[in-house]
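Colleague: I want to check your labels against their cut-offs. Please put up the sequence and the structure, and I will start asking.

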Amino acid sequence: MTEPDWLGPAMQDPRLAPMTALGDATRALMEAVVETDVELDEIETATKEIVAIAQRLNATHRQSTADMNPQEIRRRFVAYNPVIGKANPFAPPLVVEFDESGHAVSRVTLSRVHEGPPNAVHGGIVALLIDQLLGHAVGTAGPPGMTAQLTVNYRKPTPYDRELLVEAWHTGTSGRRVTAEARISADGVTFADAKALFVSVRPEQRAELLRGDEESPLA
């Protein structure tokens, strides 16, 4: 099973392909900034060019999410999410799939952009990936919710430059309280695992957010 249906409409956005290309190019730039050891004059030249590009892109800003209707939010959800957003250079980005039991699964290789301790991924990045996958897993069991509690156990330093398996699964629902678990591993070695409590949005709040859009991520 692949990504849930509510992620699909973003693919209809005509801006997604060029924005994805821009996101990919910017990720490559971020990698280069972290890895570079070129001469200082080259760094100064590159800095001026990057500043100029940023000024060009800032000429017009996209609509605030607070002002969007649910359909537009749904269309933009995939593109700009900080973990799965193809157009967001901060995102790796993850591609999340689901197995037959509803487990959310993703494989990702991080880099020195994500380094915290020497030769390991920053703990905050580890938690970020886990939280995203937990949200997907919770969404398979019913209406998505908001993270209320997240406990991450850092078993071993999480390596970068190595394919990681990030997975999460729903463990129970009691009213609006939804529990789930997750882990990050590679080749059978667990680097981090987690337990989480999500709280689903109240029906009246969800109705206001949806405003008739039953295919929204909040549906």
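Colleague: Why is D193 called buried?

Modeller: Its relative accessible area is 18%. Buried means under 20%, exposed means over 50%, and partly exposed lies in between, with a 1.4 Å probe and protein chains only. At 18%, D193 is therefore buried.

Colleague: What kind of model is this, and how are the residues numbered?

Modeller: This is a predicted model, in which local features need pLDDT of at least 70, side-chain atom pairs count only at pLDDT 80 or more, and totals for chains, interfaces and linings use all residues. Residues are numbered from 1 along each chain as its sequence is written, and side-chain values use heavy atoms, with hydrogens and water left out.

Colleague: What makes the contact between D193 and R155 a salt bridge?

Modeller: The rule asks for a side-chain nitrogen of Lys or Arg within 4 Å of a carboxyl oxygen of Asp or Glu. Here the closest N and O atoms are 3.0 Å apart, so the pair qualifies. D193 lies in strand β6 (residues 189-200) and R155 in the loop between β3 (145-154) and β4, so the pair ties together parts 38 residues apart in sequence. Helices (H or I, at least four residues) and strands (E, at least two) are DSSP runs, numbered from the N terminus.

Colleague: Why can such side chains pair at all?

Modeller: Opposite charges can pair when their charged atoms come close.

Colleague: How many salt bridges does the rule give?

Modeller: Six. Another of them joins E35 and R112, with N and O 2.3 Å apart at the closest. E35 is in helix α1 and R112 in the loop between β2 (104-109) and α4 (123-141), so this pair ties together parts 77 residues apart in sequence.

Colleague: Are E35 and R112 buried, exposed or partly exposed?

Modeller: Partly exposed, at 40% for E35 and 36% for R112.

Colleague: How do you know that R107 and E163 form a salt bridge?

Modeller: Their N to O distance is 3.8 Å. That is within the cut-off, so the pair counts. R107 lies in strand β2 and E163 in strand β4 (residues 163-174), so the parts tied together are 56 residues apart in sequence. R107 is exposed at 52%, whereas E163 is partly exposed at 48%.

Colleague: What makes the group with D37 and E39 a negative surface patch?

Modeller: The members are D37, E39, D41, E42, E44 and E49. Asp and Glu count as negative, Lys and Arg as positive, and His and the chain ends are not counted. Patch residues have over 30% relative accessible area and no salt bridge; like charges are joined within 9 Å, nonpolar side chains (Val, Leu, Ile, Met, Phe, Trp, Tyr) within 5 Å. Each charge is placed at NZ of Lys, CZ of Arg, CG of Asp or CD of Glu. E39 sits in the loop between α1 (16-35) and α2 (40-57). At 60%, E39 is exposed.

Colleague: Which residues form the nonpolar patch, and how much area do they show?

Modeller: L22, I53 and L57, with about 250 Å² of accessible area together. Areas come from the Shrake-Rupley method with a 1.4 Å probe, and for residues only the protein chains shown count as cover. L22 belongs to helix α1.

Colleague: What makes a set of residues a nonpolar core?

Modeller: They are buried Ala, Val, Leu, Ile, Met, Phe, Trp, Tyr and Cys residues joined through side-chain atoms within 4.5 Å. The largest core here has 33 residues, and L94, L110, L129, I130 and L134 have the most contacts inside it. β2, α4, β4, β5 (177-186) and β6 each supply at least two of its residues. α4 gives the largest share, nine residues.
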